[in-house]
Amino acid sequence: MAHTPAARIAVNGTYHDYNGDPRRSLLDFLRLELGMTGTKKGCDHGQCGACTVHVNGRRVNSCLSLAVMHDGDEITTIEGIGMPDKLSALQKAFVEHDGYQCGYCTPGQICSAAAMIEELKADWPSALTEGVASNPVPSDDELRERMSGNLCRCGAYDNIIAAIKDAMGKEVAS
Amino acid sequence: MKAFDYARAADLPDAVGSDAKLIAGGTNLLDLMKLEVETPDALLDINRIGLDLIEPEGDGLRVGALVTNSDCAADARVRKDWPLLSKAILAGASPQLRNKATTGGNLCQRTRCGYFMDNQSPCNKREPGTGCAAQGGFNRIHAILGTSDACIATYPGDMAVALSALDAQVVIAGRSDSRTVRVRDFHVLPGDAPQHENVLQPGEVITGVTLPAPVEGVQIYRKVRDRASYAFALMSVAAVIRMDQGRIAHAQLAFGSLAHKPWHDPRIEELLKGETPTPALFDKAADLLLEDAKGYGANDFKIPLARRTLAAVLAEATGV
Ligand SMILES: Cc1cc2nc3c(=O)[nH]c(=O)nc-3n(C[C@H](O)[C@H](O)[C@H](O)COP(=O)(O)OP(=O)(O)OC[C@H]3O[C@@H](n4cnc5c(N)ncnc54)[C@H](O)[C@@H]3O)c2cc1C
Ligand code: SF4
Ligand code: FES
Ligand code: FES
């Protein structure tokens, strides 16, 4: 075997060295090596979004990435977004609006929504619009399109959208 | 997943000529490695070789091979002068996937044929000489144009369909020199060797895509699929249409998910040029497109679907 370069990965601000099997996905690294089980495995094939985390601020599917590829990267997981004693605004809104039923897709939904809000601020376009920076809280259809990378098997979509809108509205108001 | 050696390329010369399988975003390759459809002995990570910028080139633009789909679609120059490309990218995959997917990897993504991906059915693409389970099988997503007895799979992507309509070029670095291939010639028909999907030779690396000078006109990407988002195309149309005094002055068209490559038929563009747009004209255009179309049962519907989608796009573009 050729030498596998070590990867030094910052997860929620703490550095971890990874020297193991290069087959390890970023998702399994988080769950199995670090014991951070907030990030979920739904499909393991990029089809559901349950494994969404931020890599250097951008949302990605951690199941379709190798841990060794993340040398020098900063990862943020749901644990880094907020814990029960200190919930983020999005997390509070999900609780208030019942933005889930079983809760399995929820960490991915929240990580995804947090990054989506930044994409909106950066005026990224979507399949529906040419950018909506001028509109602080976009339409439901716009949010659904931008959240389409996260499936919810329980079908809690209406409440998920309500939670995201509420959190975005509060951010605008503050 | 089969075991493999992993290494990182430091720069382009490191990557060119390598026997290892290149990995960029990994969103297609790792998916197929998990299924053991792809079983490379060695992976070479090209994410740190640069080539991640979008820069002017002549009157056009050069999009580096490692530019993510998200960055390309959000680029102000792309949105202003080549909106078709931005629209096609945004019609594909999901925001999370587009954040990882790269220009080079997207071009090289493999077919979504279920028999290719199941890793056990007869499949000439995965294991040459074993047959094609899709013929006589479940072939709803399969090709109706340019098929062969060996394979009826489609190239499933969206970005390359826009690049074909725009007549962009793929820039490729090889062991001895670099070359440029039109996107229209980059992907190949299956013929009797469906294991080959494009003209890349072993050791070659895509360094980028160049967009020619912007063309005036309405730019439309219309994708028909089973759900509103996050699904591959059943078929798609990429169109650039310019009108002049009630007539079609210029047309560039390409079609997705109808064939093993983004489909481009210059005869359609010629036919439309100089004509007054009418439903009858659109029908003639569809006649040309579908002249040799062949359904395989479950995908027969793609023939009338392609006709109607082309007509709808032309009507929208010309204001009929
Ligand atoms: C659930 C799901 C839904 C999707 N939906 C869509 C969709 O609707 N539309 C769509 O178009 N796509 C869709 N995709 C596919 C996605 O766009 C591709 O997976 C992605 O573009 C591949 O890019 P990558 O950088 O991740 O490639 P990788 O997976 O890293 O590589 C893919 C291939 O390209 C080769 N390669 C990569 N870079 C280079 C280079 N510079 N030179 C030479 N070879 C190279 C690799 O060796 C490999 O063979 C979907 C994918 C998933 C998982
Ligand atoms: S259509 Fe092509 S990819 Fe699908 S089973 Fe037949 S040979 Fe394989
Ligand atoms: S587990 Fe990664 S997308 Fe489903
Ligand atoms: S709450 Fe159960 S999958 Fe979304």
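Author: We take the interface, the salt bridges, the cavities and a ligand shell in turn. This is a predicted model, in which local features need pLDDT of at least 70, side-chain atom pairs count only at pLDDT 80 or more, and totals for chains, interfaces and linings use all residues. Residues are numbered from 1 along each chain as its sequence is written, chains are lettered from A and ligands numbered from 1 in the order written, and side-chain values use heavy atoms, without hydrogens and water.

Reader: How much area do chain B and chain A bury between them?

Author: The size of an interface is often given as the accessible area lost when the parts come together. Here chain B and chain A bury about 3200 Å² (accessible area, 1.4 Å probe, lost on being put together and summed over both). Carbon and sulfur atoms carry 52% of it. Chain A gives 43 residues to the contact and chain B gives 37 (heavy atoms within 4.5 Å).

Reader: How many salt bridges are there between chain B and chain A?

Author: Side chains of opposite charge can pair when their charged atoms come close. The count between the two chains is four (side-chain nitrogen of Lys or Arg within 4 Å of a carboxyl oxygen of Asp or Glu). R58(A) and D71(B) form a salt bridge at 2.8 Å, N to O. Over all chains, the search finds 39.

Reader: How many cavities does the search find?

Author: Rolling a probe the size of a water molecule over the atoms shows where empty space is left. A cavity is a set of points, on a 1 Å grid over the protein atoms alone, where a 1.4 Å probe fits but cannot get out; lining residues have an atom within 4 Å of a point. Three cavities of 30 Å³ or more turn up.

Reader: Which residues come nearest to ligand 2?

Author: C113(B), C123(B), C132(B), C151(B) and I152(B), out of 15 around ligand 2 (a heavy atom within 4 Å).

Methods. 1 Å grid on protein atoms, 1.4 Å probe; cavity = no way out; pocket = protein on both sides within 12 Å on 5 of 7 lines; lining within 4 Å. Points joined across faces, edges and corners; volume = space filled by probe spheres on them. Buried area = accessible area lost by both parts, 1.4 Å probe.
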